Amino acid sequence: PGAALGKLVAKLGQPMIREAIKMAMQWLADQFVMGETIGKALERSRNAAARGVRFSFDMLGEGARTAMVAERYFEDYRRAIDVVGAFQATHKSPRAPGISVKLSALHPRYEMAQREKTLRELMPRLAALCEQAARADIPLTVDAEEADRLQLSLEIAGTMLDNCSLGGWEGLGFAVQAYQKRAPAVIEFFAGLAKAHNRKIGLRLVKGAYWDSEIKRAQERGLGDFPVFTRKENTDVSYLASARAMLAETDWIKPVFGTHNAMTVAHILELADDPAVLEFQRLHGMGEDLYRRMEGEGLGTCVYAPVGMHDVLLGYLVRRILENGANSSFVHRLYDRSIPVATLTEDPAALAGAHVEKRHPAIRTPPDLFDGRRNSQGLDLSDPFVTGPLLADIASFRPKFYRAAALVEGKEMEIGGGAIEQAFAAARKAGPAWAHAPIEIRAACLDRLGDLLETNRAELMALLIREGGKTLPDALAELREATDFCRYYALRARADFQTLDLPGPAGERNQLRLVGRGTFVCISTWNFPLAIFLGQIAAALVAGNSVIAKPAPQTPLVALCATRLIHEAGVPTDVFALIPGGTEIGSALVAHKDVAGVAFTGSCATARAINRALAAKDGPIVPLIAETGGQNAMIVDSSALPEQVVDDVITSAFRSAGQRCSALRILCLPEATADKILTMLKGAMEELRLGDPGKLETDVGPVIDRPAWQKLLDHAERLRKEAKEIFTTALGDAKGIFIAPQAWEIPSIEWLEGEVFGPILHVVRYRPAALDQLIAEINATGFGLTGGLHSRIDHTMRHVEGNLDVGNFYVNRSLIGAVVGSQPFGGEGMSGTGPKAGGPHYLLRFAAERVTSNNLTAAGGNASLLIAASS
Ligand code: FAD
Ligand code: NAD
């Protein structure tokens with residue numbers, strides 16, 4: 001098909017294909033969107049309305065990224081209520097048309113972490129819309145969105161009802177998703193709310209539109225379980241159970257059912273005593289045949305009718321196309337002639353009951369995502385029942401130690417030359433026993449260490465926040481990464497450190513095995529004081545080496561805490577020693593004659609110094625595994641979705657105050673869409689909050705120390721003189737060594753002199769025709785760590801992938817947050833030596849290979865050959 005399409009394009013020419021695709025999009029838009037404006041949509045609804053069909057208009061657009069866009073959506077809703085209200089005032093329909101509202105459109109930070117801000121800013125907007133709808137006496141329903149917004153949406157609903165005057169209006173409604181396991185509790189909540197406010201509330205029961213993304217998000221976040229069901233029939237049963245709960249409360253709940261499934265409709269009709277109290281709703285463009293029949297039978301029906309311009313409908317269209325195309329979807333199966341009616345009408349309760357295993361066996365739960373090892377535990381930071389105790393534990397944590405100390409042979413020592421000599425002597429002595437211990441013993445230590453990290457979560461997070469300036473989500477992510485390193489390397493070691501039989505002539509046994517090299521020195525930086533620090537050590541230890549580690553001088557307490565856990569996990573105290581300190585200690589460690597290898601993470605300059613120091617020594621030539629900095633660029637083409645670009649730029653450039661080696665430094669925008677994206681980026685940057693990293697609402701914490709801060713201020717000064725400012729976020733109340741997230745348009749990539757390790761984003765514009773030149777300029781920086789592309793064109797993806805010299809290439813996502821085992825991490829060129837951390841080849845570099853060839857015939861003939869030949 002590819003070649004045929006290619007020929008077709010060649011024959012017809014691109015403009016023609018473009019026209020055809022435009023027409024197809026237009027058709028899809030007409031199919032699923034009622035009109036570009038509320039006026040046009042109302043006009044289009046006239047005929048059906050005359051037949052008694054009710055309409056609920058939805059202003060397309062979701063997930064406002066900026067205050068300005070949220071304001072625009074708010075105004076759109078207001079205007080829509082005005083227009084629909086005026087229409088109703090003249091037509092006086094007994095089934096007044098209404099409005100559906102998405103809370104994510106009304107606020108750019110509608111999320112639990114910004115709870116207070118959301119309640120302060122979003123709640124009054126919703127109240128204003130409800131009061132307006134109440135005055136016009138038209139219904140208003142609040143849509144249900146992602147599961148991690150559910151709790152906040154309930155709080156907003158409650159607070160809104162406490163604070164606004166809606167008179168006797170009975171038009172307020174909320175959507176409830178039956179695929180969520182909490183659906184019955186949500187219905188109970190709304191019934192309670194209705195009773196408390198002596199006001200009837202409409203509940204629109206739907207199955208839920210974000211199923212695949214809920215599954216993905218829960219797996220990514222390492223949650224204990226999914227918030228949604230994993231079998232379609234379980235959702236169907238939940239829907240019926242929820243319907244029953246709603247129908248039991250019809251004094252307080254107006255039951256509304258959003259479905260295109262004829263079986264579901266039939267079930268509801270069976271459950272209801274009085275069909276007159278029910279309303280069924282379908283989406284515009286779907287379920288027409290079924291609903292025509294229902295209208296014929298006198299049932300109350302309503303069409304949910306999206307309204308909007310074509311540039312905002314993509315998200316909605318994609319959901320509809322997925323829904324119509326999904327194998328499990330009723331509408332899809334209805335038109336599949338190979339599926340008999342008896343199958344279509346199977347009772348979901350019987351189907352669900354018949355499964356011994358109620359979960360879908362092919363959908364891995366988040367803890368079981370990876371073969372052979374448990375996924376690290378994440379936490380749902382949108383759940384106050386999780387964050388409440390976590391924050392309390394972190395706040396009450398008092399460190400057992402406040403002072404950097406060396407830990408040699410399990411004892412605290414003054415940092416200095418004595419500690420170094422003693423650590424090497426101990427390692428030399430203890431090394432052979434550790435190296436010859438069965439791999440299972442060493443691997444089990446890492447597994448225990450992974451578990452200990454999780455049981456000491458609050459303590460480690462407190463240290464990461466207080467000493468490393470990490471925000472809560474960053475501290476959690478780091479803890480998870482450290483845990484994953486332990487379990488992943490344990491798993492790999494069990495597989496890789498088995499003796500390997502090699503082929504050869506009869507009468508000879510050839511075997512390859514891996515052994516530790518001796519004493520490894522692990523030197524790390526402060527920006528991942530737990531994950532990178534432990535990752536290097538875990539790999540070196542499990543490969544059979546003794547280890548002396550030097551953490552960064554900025555973060556000795558995290559290292560001390562981790563060291564105690566390493567020993568607690570069973571690593572002998574003489575096999576692992578900690579010697580904190582700065583350049584001097586680092587140089588002394590590297591220069592020691594006993595060093596069998598160095599694992600290093602830090603700047604390129606230090607890596608070079610270590611390389612030279614190792615080269616200057618007589619004696620064995622030892623490996624250096626270095627992971628260094630980057631000059632990371634993201635290329636955006638004009639097909640990219642601006643909202644997604646902006647989300648990923650904010651995450652990549654400003655999370656962790658830009659202090660990740662993978663962070664985005666250069667954003668390359670095409671001339672055609674640069675202004676649009678930059679406007680949106682400004683708005684999103686405006687929403688970032690700086691402050692105490694221990695607070696849930698903080699997005700950006702301080703930078704690591706005063707010298708780093710000064711360096712960034714100096715760079716900003718140069719930018720002020722030579723570049724064009726795009727935006728700088730306000731510091732707000734943040735006092736101390738904070739750098740405000742900022743974006744600057746620079747003259748060229750060449751203009752940048754090196755890595756800028758902070759929340760400063762550089763932007764360049766490029767002409768699409770000059771894409772190759774842009775790639776060449778990025779490659780010419782000499783770094784090769786991370787690179788990104790935002791494009792919806794496969795060909796561009798393959799082209800950039802093939803030509804951009806980076807170790808980790810990210811497409812249509814952020815540049816940070818590599819996951820152990822899924823995205824092995826590390827650069828090339830000036831960015832590192834490899835092999836990649838968290839990848840299948842990492843451990844091998846820490847080990848020496850030994851081969852034994854044994855001439856079996858020397859022991860008096862080849863018995864096995866004789867036996868084989870005679871059988
Ligand atoms: P069916 O084919 O019976 O059900 C399909 C649904 O089953 C899927 O959408 C999914 O929810 C669920 N499902 C599919 N596979 C699985 C599986 N493996 N495990 C568990 N569950 C599975 N959606 C929202 O999220 N929020 C809203 O506010 C919202 N408002 C709507 C308003 C109206 C009027 C309508 C009609 C729909 C609305 N929707 C909303 C969309 C709605 O969620 C989908 O249209 C609905 O899920 C389709 O269900 P169905 O009964 O028509 O089809
Ligand atoms: P740095 O090179 O100054 O320090 C790193 C470590 O090396 C520290 O522990 C330091 O005390 C030690 N050190 C300094 N001089 C030494 C010497 N002569 N001999 C031995 N040890 C010495 O780096 P930094 O400023 O702390 O860290 C930031 C850098 O780290 C950035 O460039 C960043 O990109 C890079 N980094 C890379 C990765 C990666 O995986 N590629 C990850 C995190 C950070």
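Guide: Asn198 sits in the loop that links helix H8 (183-197) to strand S5 (201-206). Its phi is near 50°, a positive value in a residue that isn't glycine. Keep in mind that this is a predicted model.

Now for ligand 1. There are 30 residues around it, and those that come nearest are Gly208, Thr235, Thr259, Glu323 and Phe330. For the polar contacts, take Lys207 to begin with: a polar atom of its side chain lies 2.8 Å from an oxygen atom of ligand 1. Trp211 also brings in its side chain, with a polar atom 3.3 Å from a nitrogen atom of ligand 1. His260 uses its backbone instead: an N or O atom there lies 2.7 Å from an oxygen atom of the ligand.

Helix H13 covers residues 314-325, and its axis comes within 11 Å of the axis of helix H2 (residues 14-32), with a crossing angle of roughly 85°. The two helices are therefore roughly perpendicular to each other. On the H2 side, the contact is made by Met25, Leu28 and Phe32, while H13 supplies Tyr316, Leu317, Arg320, Ile321 and Asn324. Sorted by class, that contact has 6 nonpolar residues, 1 polar and 1 charged.

Another helix pair makes a handy counterpart. The axes of H19 (residues 439-455) and H22 (residues 531-542) come within 9 Å and cross at roughly 160°. That angle is over 145 degrees, so H19 counts as roughly antiparallel to H22. In H19, the residues involved are Ile439, Arg442, Ala443, Leu446, Leu449 and Leu453, and they meet Leu534, Ala538, Leu541 and Val542 in H22. The tally here is 9 nonpolar, no polar and 1 charged.

Next up is ligand 2. It has 28 residues around it, with Ser524, Ser603, Thr606, Thr628 and Glu755 coming nearest. The side chain of Thr525 has an N or O atom 2.8 Å from an oxygen atom of ligand 2. For the side chain of Ser603, the distance from such an atom to a ligand oxygen is 2.7 Å. With Glu755, a side-chain N or O atom is 2.6 Å from an oxygen atom of ligand 2.

Three strands form an open sheet in the order S11-S12-S25, with antiparallel pairing. S11 (500-502) and S25 (847-855) are the edge strands, each pairing on one side only. From one strand to the next, the twist averages 30°. S12 (residues 508-516) and S25 pair in the antiparallel sense over 9 bridges. To see one of the partners, look at Arg509, whose bridge partner in S25 is Asn854. The loop between strand S24 (808-811) and S25 holds Pro835. A cis peptide bond joins Gly834 to Pro835, with omega at about -5°.

Methods: Residues are numbered from 1 along each chain as its sequence is written. Chains are lettered from A and ligands numbered from 1 in the order in which they are written. This is a predicted model: local features need pLDDT of at least 70, side-chain atom pairs count only at pLDDT 80 or more; totals for chains, interfaces and linings use all residues. Side-chain values use heavy atoms; hydrogens and water are left out. Two strands pair if DSSP finds at least two bridges between them. Helices (H or I, at least four residues) and strands (E, at least two) are DSSP runs, numbered from the N terminus. Axes are lines fitted to C-alpha atoms, for helices over the stretch in contact, and angles run from 0 to 180 degrees between N-to-C directions. Angles under 35 degrees count as roughly parallel, over 145 as roughly antiparallel, 65 to 115 as roughly perpendicular and the rest as oblique. Contact means heavy atoms within 4.5 Å. Ala, Val, Leu, Ile, Met, Phe, Trp, Tyr, Cys and Pro count as nonpolar, Asp, Glu, Lys and Arg as charged, and the others, Gly among them, as polar. A residue is near a molecule or strand if one of its heavy atoms lies within 4 Å of it. A polar contact is a pair of N or O atoms within 3.5 Å; within protein, one must be able to donate a hydrogen and the other to accept it, and residues adjacent in sequence count only if both atoms are side-chain atoms.
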